[in-house]
Amino acid sequence: MTIPLRPFGRTGVKVSALALGTMMFGSRGNPDHDDSIRIIHRALDAGINLVDTADVYSQGESEEIVGKALLGRRDDVFLATKFHGQIGDDPNHFGNSRRWIIRAVEDSLRRLRTDHIDLYQVHRPEEDTDFDETLGALSDLVHHGKIRYIGTSTFPPSAIVEGQWIAEKRGRERVVAEQPPYSLLARGVEREVLPVAARYGLAVIPWSPLAGGWLTGKFRKGASQPPSSRLTRQPGRFEIDAPENAAKLEAVSALAELAAQSGLSLIELALGFVLAHPAVTAPIIGPRTLSQLEDQLGAASVVLSPDVLAEIDKIVPPGVTLSDRDRGYQPLKGGGTALGGAALGGRA
Ligand SMILES: NC(=O)c1ccc[n+]([C@@H]2O[C@H](COP(=O)([O-])OP(=O)(O)OC[C@H]3O[C@@H](n4cnc5c(N)ncnc54)[C@H](OP(=O)(O)O)[C@@H]3O)[C@@H](O)[C@H]2O)c1
């Protein structure tokens with residue numbers, strides 16, 4: 001099995017069509033460092049060359065695991081991390097200010113055991129901070145060789161455009177990638193985020209392509225609550241009986257049937273769907289165990305036919321996100337997670 005390579009926006013870099021997310025490595029998912037490192041090595045051996053982490057994932061532990069795993073292999077990997085979420089209790093160890101970015105990047109470099117980050121992403125927009133302040137600090141990091149490229153995550157389309165304009169008008173480095181939520185159950189970004197990203201030639205690396213586990217087949221109508229590492233952090237979002245999830249359960253049943261008719265697993269259908277959007281570079285998979293990784297690797301070469309894509313549109317129409325909490329516009333304050341918090345509402 002080989003994983004195809006795709007252009008990373010217009011940077012000239014080539015990345016694997018699946019990226020490895022490491023949010024589940026550490027205390028909030030898989031606390032066994034050796035096992036997590038084995039999963040990372042298996043992904044690299046299978047041909048994945050883009051690894052995504054964040055300073056907030058298990059409050060730095062995920063970055064530490066990635067740093068250990070990449071010893072001796074760092075040059076083979078396009079390494080992406082993020083800043084913005086609350087670290088510890090200091091109110092200024094949060095956000096998109098120059099003061100915090102300069103400190104946060106040094107902490108990430110130390111935990112990752114590297115002298116540079118390939119893609120440094122703003123984990124969320126911050127309305128109290130001038131975007132030019134953020135881009136100015138990030139541009140300095142590019143010029144000092146600490147980071148190679150700037151990315152954003154879960155930015156509304158207006159902020160994506162604003163970033164491009166600031167770069168042009170004030171001579172800042174350009175944002176080259178966006179990391180939005182996107183899956184069969186969360187298609188909101190098809191309306192504006194993906195077209196805007198395509199217009200500016202951004203790489204797009206979607207998060208939660210299996211909707212946090214909903215698209216693995218373990219959440220089924222009429223079945224009992226399946227085990228999920230996310231249940232305690234986000235009870236409502238992963239509770240099978242919660243009214244807010246009724247539409248997701250209906251859709252999952254129909255999608256599972258479509259997958260079976262198409263000779264695919266539900267996971268393959270779900271990842272194949274994200275891969276099929278022309279604006280998408282590489283979905284970020286998020287395995288917690290080695291067998292979860294194995295179930296997903298084969299999906300890299302799945303190509304869905306126009307007929308299957310048309311059937312999907314009948315089940316979840318283009319541009320529709322079935323549950324508000326899957327939109328991804330949550331603040332990362334407090335628990336320091338990308339999964340908690342109240343929805344900010346709004347678009348996509
Ligand atoms: N930028 C952001 O704000 C943001 C937000 C979220 C994630 N991310 C990035 O995107 C990556 C992927 O996100 P995600 O973890 O939410 O992706 P996901 O693929 O939608 O969900 C992963 C979860 O699905 C379940 N799963 C996967 N394979 C399975 C299998 N074969 N059988 C049963 N369950 C299976 C596991 O749940 P259990 O653990 O319950 O078994 C796993 O934790 C993260 O690692 C991170 O790098 C970014």
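Asn245 sits in the loop between β9 (203–204) and α7 (246–261); helices (H or I, at least four residues) and strands (E, at least two) are DSSP runs, numbered from the N terminus. This is a predicted model, in which local features need pLDDT of at least 70, side-chain atom pairs count only at pLDDT 80 or more, and totals for chains, interfaces and linings use all residues. Residues are numbered from 1 along each chain as its sequence is written.

**Asn245**
- Asn245 is buried, because 22 other C-beta atoms lie within 10 Å (buried means 20 or more such atoms within 10 Å, exposed 12 or fewer, partly exposed in between, with C-beta atoms placed from the backbone).
- Leaving out residues up to four places away in sequence, Asn245 touches Glu239, Ile240 and Ser323; contact means C-beta atoms, placed from the backbone, within 7 Å.
- Asn245 and Asp324 are 79 residues apart in sequence, and their C-alpha atoms are 9.9 Å apart in space.

**Nonpolar core**
- The largest nonpolar core has 93 residues, of which Ala19, Leu185, Leu215 and Ala270 touch the most other members.
- Helix α8 (residues 266–276) gives the most to this core, with eight residues.
- A nonpolar core is a set of buried Ala, Val, Leu, Ile, Met, Phe, Trp, Tyr and Cys residues joined through C-beta atoms within 7 Å.
- Ala270 touches Ser183, Leu184, Pro209, Leu210 and Leu215, not counting residues up to four places away in sequence.

**Ligand surroundings**
- The ligand is surrounded by 30 residues, and the closest are Gly21, Met23, Trp207, Ser229 and Gly286; a residue counts if its C-beta atom, placed from the backbone, lies within 6 Å.
- β10 (284–285) and α9 (290–297) each supply at least two residues of this shell.

Definitions and conventions
Contact = placed C-beta atoms within 7 Å.
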